[in-house]
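Student: I have a structure open and would like to go through it piece by piece. Can we start?

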Amino acid sequence: MTKIKLRSRPVSSALVAGIISLCLLSSCTSDPVQESKPNIIYILADDLGYADLGCYGQQIIKTPNLDKLAAEGMKFTRHYAGTNVCAPSRCVLMTGLSTAHSQVRGNHQAEPYGQIPLAENTTTIATLLKSAGYSTAMIGKWGLGVESNSGNPLKQGFDYYYGYLCQILAHNHCPEYLMENDEKVYLDNKVVWDDTSSWTRGLGSYPIERNQFSQELFTAKAISFIEENKDRPFFLYLPSIIPHVNGEAPEGKWASDIPSFAPYENEDWSEEHKGYAAMITYLDKDVGKLVNKLQELGLEENTLIIFSSDNGGASTLTFNDRFNSNVPWRGGKGSFYEGGIRVPMIARWKGTIEPGSISGHASAFWDVMPTVCDLAGI
């Protein structure tokens, strides 16, 4: 077994150091890029706390598939989000620019709707990987522009997208519609829309009839994308909206967005707590589905899976009281204390990353772009 040697680069990546230098191969050259470029799946949870996973110390919420992912790969203990809230953190991830240089600095609203868009001709992870022959897809929550402006994912390197363009609509896990390549796809849900006088300007909603759950749809689309691109390198960006709350729902009714509180329906908890835990376990189950599909297609040894969260858990709610979501760190989402920016990160690449390895190497979202470019030979 030989350790991979990194190429000399003018800009080194903390994640390259953390992932690749600790990876072991039965045989390799001095170049970390294999003859077949690795597929890359990046799964991003929304407001997941550092300690919301069993492999990071969670004692109550069940996450067997993510725990297994960590056991079969590498767990990072000093990984940092781009910043402490959604849109700017995702901008850092997509552009590789630190918060000091990124275009998006907060969750600000833009016209006609949505958040501040990425500028035209922005270099993103997707544009770079697409230039290297990758098929690219974004399935989930975008938050960096909408179909009518420069932030459109199809203009930022993605061949395909499905999900929410606007973060406000993404508060609703069972929305009236989702976007697919600039077209609205209406779902079998009934919702109540906010009044236009609210802070959401009428763009927020909550479900009153729930027949289609967005996370289930995301996973189905992701599996279809993997199947369609199994014979070529692909980059799949999967920004889930779990476990983000639906703040537009009536008081005490947020958790009803999820179809079932299983496996916590019989716990003596509030509806809010049952829903939060059930969301995370549901996402965990879907991660298991994706891993099983890779195994079925024989892609496990040529696919790097990375799992993380866009910022810390929402400590302003009561989740820390029951689940210790951000323990042992102070603060949570919206805070620049460790609880707001230190996030879980798991990297699994069967046959390449040493199982059960742990890295305390300090890294952050802006390290992801140079890492995946190094792996893709860019």
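Student: Which residues of H9 are buried?
Tutor: They are Val-368, Met-369, Pro-370, Thr-371, Val-372, Cys-373, Asp-374, Leu-375 and Ala-376. Buried means under 20% relative accessible area, with a 1.4 Å probe and protein chains only. Helices (H or I, at least four residues) and strands (E, at least two) are DSSP runs, numbered from the N terminus.

Student: Where do these values come from?
Tutor: This is a predicted model, in which local features need pLDDT of at least 70, side-chain atom pairs count only at pLDDT 80 or more, and totals for chains, interfaces and linings use all residues. Residues are numbered from 1 along each chain as its sequence is written, and side-chain values use heavy atoms, with hydrogens and water left out.

Student: Back to H9. What follows it?
Tutor: Gly-377, which has a positive phi, near 80°.

Student: New topic. How many residues are in the largest nonpolar core?
Tutor: It has 101 residues. Such a core is a set of buried Ala, Val, Leu, Ile, Met, Phe, Trp, Tyr and Cys residues joined through side-chain atoms within 4.5 Å.

Student: Which helix gives the most to this core?
Tutor: Helix H6, residues 271-296, with eleven residues.

Student: And how many aromatic pairs are there in the whole structure?
Tutor: The search finds 15. Rings of Phe, Tyr and Trp (its six-membered ring) pair if their centres lie within 6.5 Å; planes under 30 degrees apart count as stacked, over 60 as edge-to-face and the rest as tilted. One of the pairs is Tyr-42 with Tyr-237, which is tilted, at 6.3 Å centre to centre and 55° between the planes.

Student: Why is the pair of Tyr-164 and Phe-218 edge-to-face?
Tutor: Their ring planes are at 85°, with centres 6.0 Å apart, so the pair counts as edge-to-face. Tyr-164 is in strand E6 (residues 160-164) and Phe-218 in helix H5 (residues 214-228), 54 residues apart.

Student: Is Phe-218 buried or exposed?
Tutor: Phe-218 is buried, because its relative accessible area is 2%.

Student: Last one. Which residues form the aromatic cluster?
Tutor: Tyr-42, Trp-142, Phe-158, Phe-235 and Tyr-237 form one cluster.

Methods
Buried means under 20% relative accessible area, exposed over 50%, partly exposed in between (1.4 Å probe, protein chains only).
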